[in-house]
Amino acid sequence: MKGSQRQAEVTRRAVKHYGKVNQLHVAIEELSELQKALCKDLRGIGDRNAIAEEIADVEIMLDQLKQIYHNYTKVETWKAGKINRLEYRMNRDKG
Ligand SMILES: [Mg+2]
């Protein structure tokens, strides 16, 4: 099984095993932990390894949120549109 397939399978199992409500709480907690790590970095007491760990936690929970809300394709569509808009604005600002 490829790495990405395994990740998707474990994500599916986690939502089933722990339940939607619990995983929504965990997602909120993980987002908060990343916020805290970034705030510490801005205060000059950041820990690059801690930031990497919290980004990983959040990415894992984002995968579970997409599983919970069955909106992987919709998220990808939003992302593509927002990336296009970002690129457009940067190109426009360049003049
Ligand atoms: Mg964490």
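This is a predicted model: local features need pLDDT of at least 70, side-chain atom pairs count only at pLDDT 80 or more; totals for chains, interfaces and linings use all residues.
Q: Why are H1 and H2 called roughly perpendicular to each other?
A: The axes of helix H1 (residues 3-18) and helix H2 (residues 20-42) cross at roughly 115 degrees. Angles of 65 to 115 count as roughly perpendicular, and H1 and H2 therefore get that description.

Q: Which residues make the contact between H1 and H2, and how do they divide by class?
A: The axes come within 6 Å. On the H1 side the contact is made by Ala14, Val15 and Tyr18, and on the H2 side by Lys20, Asn22 and Gln23. By class, that gives 3 nonpolar, 2 polar and 1 charged residues.

Q: What makes Thr11 buried or exposed?
A: Thr11, which sits in helix H1, has 20 other C-beta atoms within 10 Å. The cut-off for buried is 20 or more, so Thr11 counts as buried. Not counting residues up to four places away in sequence, Thr11 touches Asp63, Gln64 and Gln67. Thr11 and Lys66 are 55 residues apart in sequence, yet their C-alpha atoms are 9.7 Å apart in space.

Q: How do you know that H1 is hardly covered?
A: Among the 16 residues of H1, the count of buried residues is 1. As for its length, H1 reaches 22 Å from its first C-alpha to its last, close to the 22 Å expected at 1.5 Å a residue. Gly19 follows H1 and has a positive phi, near 95 degrees.

Q: What makes Glu30 buried or exposed?
A: Glu30 belongs to helix H2. With 20 other C-beta atoms within 10 Å, Glu30 is buried, since 20 or more is what the term asks for. Leaving aside neighbours within four places in sequence, Glu30 is in contact with Asp57, Val58 and Met61. Glu30 and Glu54 lie 24 residues apart in sequence and 7.0 Å apart in space, C-alpha to C-alpha.

Q: How do you know that the buried residues of H3 are on the same side?
A: The residues in question are Glu54, Met61 and Gln64. They cover an arc of only 80 degrees around the axis, which puts them on the same side of H3. These buried residues pack against H1 and H2. The face turned away from the buried side carries the exposed residues Arg48, Asn49, Ala52, Ala56 and Glu59.

Q: Why is H4 said to lie largely in the open?
A: Of the 23 residues of H4, the number buried is 0, so H4 lies largely in the open. Just after H4, Gly95 takes a positive phi of about 80 degrees.

Q: What makes His70 buried or exposed, and what is its phi?
A: His70 is found in the loop between helix H3 (48-69) and H4. It has 8 C-beta neighbours inside 10 Å; the term exposed takes 12 or fewer, so His70 counts as exposed. Phi of His70 is near 50 degrees, a positive value in a residue other than glycine. For context, most residues other than glycine have a negative phi.

Methods. Residues are numbered from 1 along each chain as its sequence is written. Helices (H or I, at least four residues) and strands (E, at least two) are DSSP runs, numbered from the N terminus. Axes are lines fitted to C-alpha atoms, for helices over the stretch in contact, and angles run from 0 to 180 degrees between N-to-C directions. Angles under 35 degrees count as roughly parallel, over 145 as roughly antiparallel, 65 to 115 as roughly perpendicular and the rest as oblique. Two residues are in contact if their C-beta atoms, placed from the backbone, lie within 7 Å. Ala, Val, Leu, Ile, Met, Phe, Trp, Tyr, Cys and Pro count as nonpolar, Asp, Glu, Lys and Arg as charged, and the others, Gly among them, as polar. The arc is that of the directions from the helix axis to the C-beta atoms. The expected span of a helix is 1.5 Å times one less than its number of residues.
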